[in-house]
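Subject: Structure handover

Hello,

The structure we discussed is below. My notes on the ligand site follow it.

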Amino acid sequence: MNIDWSKLGFHYTEPDYIVRAAYHDGKWEEPYATQDKFLHLHVSATCLQYGQEAFEGLKAFRGVDGKIRIFRWRENAKRMAKSAEGLYMAPVPEEIFGKAIHLALEKNIDFLPPYGTGATLYFRPLLIGTTPRLGVGPGRDFEFIVIPSPIGPYYPGKFHCTTFVVNRHVDRAAPFGTGTFKVGGNYASSFRATEPAHAQGMDCLFLDARYHKYIDECSAANFIGIKESTKGQSTKYNEIEYLTPRSSAILPSITNDSLMTLAREQGYKVTRRHIRLEELSEMSEAAACGTACVISPIDKVIDPEKNKIYHLSDEPGPVLTGLYHALRDIQFGRAEDKHHWCEVIEN
Ligand code: PLP
Ligand code: COI
């Protein structure tokens, strides 16, 4: 194996095996590993014709103690089941999901990056509709696939700031649309906003599609903002608030859920509510968070239409840096996993 682990970005590296399981006549088959990375798919399959597709993203880590940790895969299984129901697909039972992830890990163990490189083994579970169909409607046959790939940081550089840009001409997902499901269509429909942003070395901050007033999501990640306020008169103390959007159009992030727990443990107030874009000017720090990007601090948000730039912090700030390390320490086995988020595999 000739991989320079520390140079990996968020790009596909061909693994030895993928894992597949098909669903026909109301039943899932046992997941199996194959080296064939191509599908023999009917040209009229519902995934191709009508976008009947959902996916997931999760990671396995080689810990400081040499053990392997898979982070909260059951949460990904549950979310994929919700996406499946949202698109009228057969949900993948948790047991099949788990078997497929474990088999993908076992068959590609050489692709698990060593401890200390910062790289991890990413799993991309995929669910597609395979029934040939021309009439508009869902299929009855499905294929579940797990594609592993070693990956490095999502944004270039290990832990540095990214600039986001607001775009009111492209919406990611409608309120009560498919934004809460992890389906490919949400990403394809974002390209009109994300590609021009990427071409300028930035990423896109999506606003709520109804009013274009509230922060929805950071491209392929949730948004976190940190507000600090001084409370009390005689006994002055600083209250630190972890803010994250409430919206019917965003993906319920497993990373954000974990960070909210860690933030509470660190004594911060955690609030999930509508967040007006202008509130960025009251925040000391902000970040995108997700499996791929972990916590990616935001240095500024540009709103070209309003000719406004919101400056956050040029360097990763103390609150988000602390949360980043708290999460990474659990994932790499350097800190106690009080919430049993990691499945630990001796190897
Ligand atoms: N929001 C979107 C649109 C995403 O694609 C992702 C990535 O999975 C997230 C949020 C973060 O979710 P998670 O932390 O579960 O990876
Ligand atoms: C993830 O964070 O795992 C994602 O799937 C986001 C993106 C790379 C699609």
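How much space lies in the largest pocket? The figure is about 790 Å³. Please bear in mind that this is a predicted model, and that the values here are computed from it.

The lining of the largest pocket comprises 40 residues. Those nearest its centre are Phe 55, Arg 124, Tyr 154, Tyr 187 and Ala 220. By class, the lining has 19 nonpolar, 13 polar and eight charged residues. At least two lining residues come from each of β4 (53-55), β7 (120-129), β8 (142-151), α4 (184-188), α5 (191-199), α6 and β15.

Ligand 1 takes up the space of this largest pocket. Its shell is made of 16 residues, with Tyr 187, Glu 217, Ser 253, Thr 255 and Thr 291 the closest. Six of the shell residues are nonpolar, six are polar and four are charged. Both α6 (254-265) and β15 (285-290) contribute at least two residues each to the shell.

- Glu 217: a side-chain N or O atom is 2.5 Å from a nitrogen atom of ligand 1.
- Ser 253: a polar side-chain atom is 2.6 Å from an oxygen atom of ligand 1.
- Arg 79: a side-chain N or O atom is 2.7 Å from an oxygen atom of ligand 1.

As for cover, ligand 1 on its own exposes 380 Å², and 97% of that is buried by the protein.

Regards

Note on methods: Residues numbered from 1 in each chain as written. Chains lettered and ligands numbered in written order. Predicted model: local features only at pLDDT ≥ 70, side-chain atom pairs only at ≥ 80, totals over all residues. Heavy atoms only, no water. Near = heavy atom within 4 Å. Polar contact = N/O pair within 3.5 Å; in protein donor to acceptor, adjacent residues only side chain to side chain. Areas by Shrake-Rupley, 256 points an atom, 1.4 Å probe, with all protein chains shown as cover. 1 Å grid on protein atoms, 1.4 Å probe; cavity = no way out; pocket = protein on both sides within 12 Å on 5 of 7 lines; lining within 4 Å. Sits in = over half its atoms within 2 Å of the grid points. Helix = DSSP H or I, 4+ residues; strand = E, 2+ residues; numbered from the N terminus. Nonpolar A, V, L, I, M, F, W, Y, C, P; charged D, E, K, R; others polar. Points joined across faces, edges and corners; volume = space filled by probe spheres on them.
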